[in-house]
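User: Hi! Could you walk me through this one?
Analyst: Happy to, here it comes.

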Amino acid sequence: MLVLIGTLRAAATLGGGTSKKTGEVVPTRPVLQVETLDNRGLVQMTTITVPDVTAYQGKVGQEVKIPVRAWATGVPVNFVYEPVQAA
């Protein structure tokens with residue numbers, strides 16, 4: 001398991017409602033935005049969908065550690081939340 005460590009900049013729920021075009025119900029999506037530094041020392045913002053933002057809402061501006069899986073689609077590495085497995 002990998003751990004993404006960075007400064008939490010936002011913990012929000014996005015989406016929700018109904019698509020005007022198709023009538024399809026759009027579910028809400030809880031997301032975190034985490035600021036990290038790349039290998040050049042430049043700021044990089046990563047948005048990660050999580051099961052719930054409640055545990056993170058009081059931590060905006062603080063360093064957080066988020067369990068993730070990583071994969072590459074082309075050049076950038078992408079991250080997705082990965083629940084901690086009991087040993």
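User: Which residues make the nonpolar surface patch of about 400 Å²?
Analyst: M1, V3, I5 and V84 make that patch. Patch members have over 30% relative accessible area and no salt bridge, and nonpolar side chains are joined within 5 Å. Areas come from the Shrake-Rupley method with a 1.4 Å probe, and a salt bridge is a Lys or Arg side-chain nitrogen within 4 Å of an Asp or Glu carboxyl oxygen. This is a predicted model, where local features need pLDDT of at least 70 and side-chain atom pairs pLDDT 80 or more, while totals for chains, interfaces and linings use all residues. Residues are numbered from 1 along each chain, and side-chain values use heavy atoms, without hydrogens and water.

User: Where is V3 placed?
Analyst: V3 belongs to strand β1; strands are DSSP runs of E, at least two residues, numbered from the N terminus. V3 is partly exposed at 44% relative accessible area (buried is under 20%, exposed over 50%, partly exposed in between).

User: And what makes up the largest nonpolar core?
Analyst: It has 12 residues in all, including L4, L8, V50 and V68. A core is a set of buried Ala, Val, Leu, Ile, Met, Phe, Trp, Tyr and Cys residues joined through side-chain atoms within 4.5 Å.

User: What does V68 touch?
Analyst: Beyond four places in sequence, V68 touches residues including V3, L4, I48 and F79; contact means heavy atoms within 4.5 Å.

User: New topic: is T18 buried or exposed?
Analyst: T18 is exposed, at 52%, in the loop between β1 (2–15) and β2 (28–37).

Conventions: Helices (H or I, at least four residues) and strands (E, at least two) are DSSP runs, numbered from the N terminus. Buried means under 20% relative accessible area, exposed over 50%, partly exposed in between (1.4 Å probe, protein chains only). Patches are made of residues with over 30% relative accessible area and no salt bridge: like charges are joined within 9 Å, nonpolar side chains (Val, Leu, Ile, Met, Phe, Trp, Tyr) within 5 Å.
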